[in-house]
Amino acid sequence: MNGDIIIDKEKILERWAEYIRELFKSDRKDHKIMKNNFAGPPIMKEEVDTAIKKVKHGKATGPDNISVELIEALEDFGIGKVTHLLNEIYDTGQIPTDLSKSIFIALPKKPGATECELHRTISLMSHITKILLKIIMLRIRNKIKPEIAEEQCGFVEDKGTSNAIYILRTLIERALEVQKDVYLCFIDYTKAFDRVRHDEIITEMKQLNIDGKDLRIIKNHV
């Protein structure tokens, strides 16, 4: 806003709403809701139990105020209720509005930050929705695994930044031993994961023969 610092609370909220809309704006085409693809096995209680254990604990809840720890504390009863709910969602392909809402929180990247761009935005979403997404992710992992290169470290189970750092250090040490130059290129994609081209991802997932119900939920809510 022309470099001016906004003080009024209502205007601050308006500015943040404008920034969030711009941040997640996409040029993808409007898509029709999928209604006629019903392929895919029902969600089992064992899958829900596994997903609950894999979802990060100690995280803030979404608008429904239901934590994964609460579901876990209800043991078999809680798992059964969640399984029934998730199967209703899975069969319809539509996540209820209450479960699809998120609360956005802005965290300053450095003290005294006044511009929206200098904040990291995180969203608090329903833990039940997280469990559903974790189940879908685990289901499709085996189908996408052959497409992932060995060199890929990010977003791959048992691989991460520490693995990449170890490989890089090893290469540099070997290069020093034989007195060879090493050239590194680091690319920082601004807001890369906030502006994913979903149409291309859906197309690729279709080619990988992802189960229709999994694909339908993903496509209906991107």
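Reply: Contact here means heavy atoms within 4.5 Å. In this predicted model, Leu 85, Leu 86, Ile 89 and Tyr 90 of helix H4 meet Ile 128, Ile 131, Leu 132, Ile 135 and Arg 139 of helix H6. By class, eight nonpolar residues, no polar residues and one charged residue make up this contact of H4 with H6.

Two packed helices are described by the angle between their axes and the distance between the axes. For H4 and H6 the angle is about 65° and the axes lie 11 Å apart; their crossing is right-handed.

Leu 86 belongs to helix H4. With a relative accessible area of 0%, Leu 86 is under the 20% limit and therefore counts as buried. Leaving aside residues up to four places away in sequence, Leu 86 touches Ile 43, Val 48, Ile 128, Ile 131, Leu 132 and Ile 135. Between Leu 86 and Ile 131 there are 45 residues in sequence, yet their C-alpha atoms are 8.9 Å apart in space.

The surroundings complete the picture. The largest nonpolar core has 20 residues, and Val 48, Leu 86, Ile 131 and Leu 132 touch the most other members. At least two residues of this core come from each of helix H2 (45-54), helix H3 (68-73), helix H4 (75-92) and helix H6 (127-144). Val 48 touches Ile 43, Ile 79, Val 82, Thr 83, Leu 86, Ile 131 and Ile 135, again not counting residues up to four places away in sequence. Apart from this core lies another, of five residues, including Ile 202, Met 205, Ile 210 and Leu 215.

Key: Residues numbered from 1 in each chain as written. Predicted model: local features only at pLDDT ≥ 70, side-chain atom pairs only at ≥ 80, totals over all residues. Heavy atoms only, no water. Core = buried A, V, L, I, M, F, W, Y, C linked by side-chain atoms within 4.5 Å. Buried < 20%, exposed > 50% of the residue type's maximum accessible area, 1.4 Å probe, protein only. Helix = DSSP H or I, 4+ residues; strand = E, 2+ residues; numbered from the N terminus. Axes fitted to C-alpha atoms, helices over the stretch in contact; angles between N-to-C directions. Left-handed = near helix turned anticlockwise from the far one by under 90°. Nonpolar A, V, L, I, M, F, W, Y, C, P; charged D, E, K, R; others polar.
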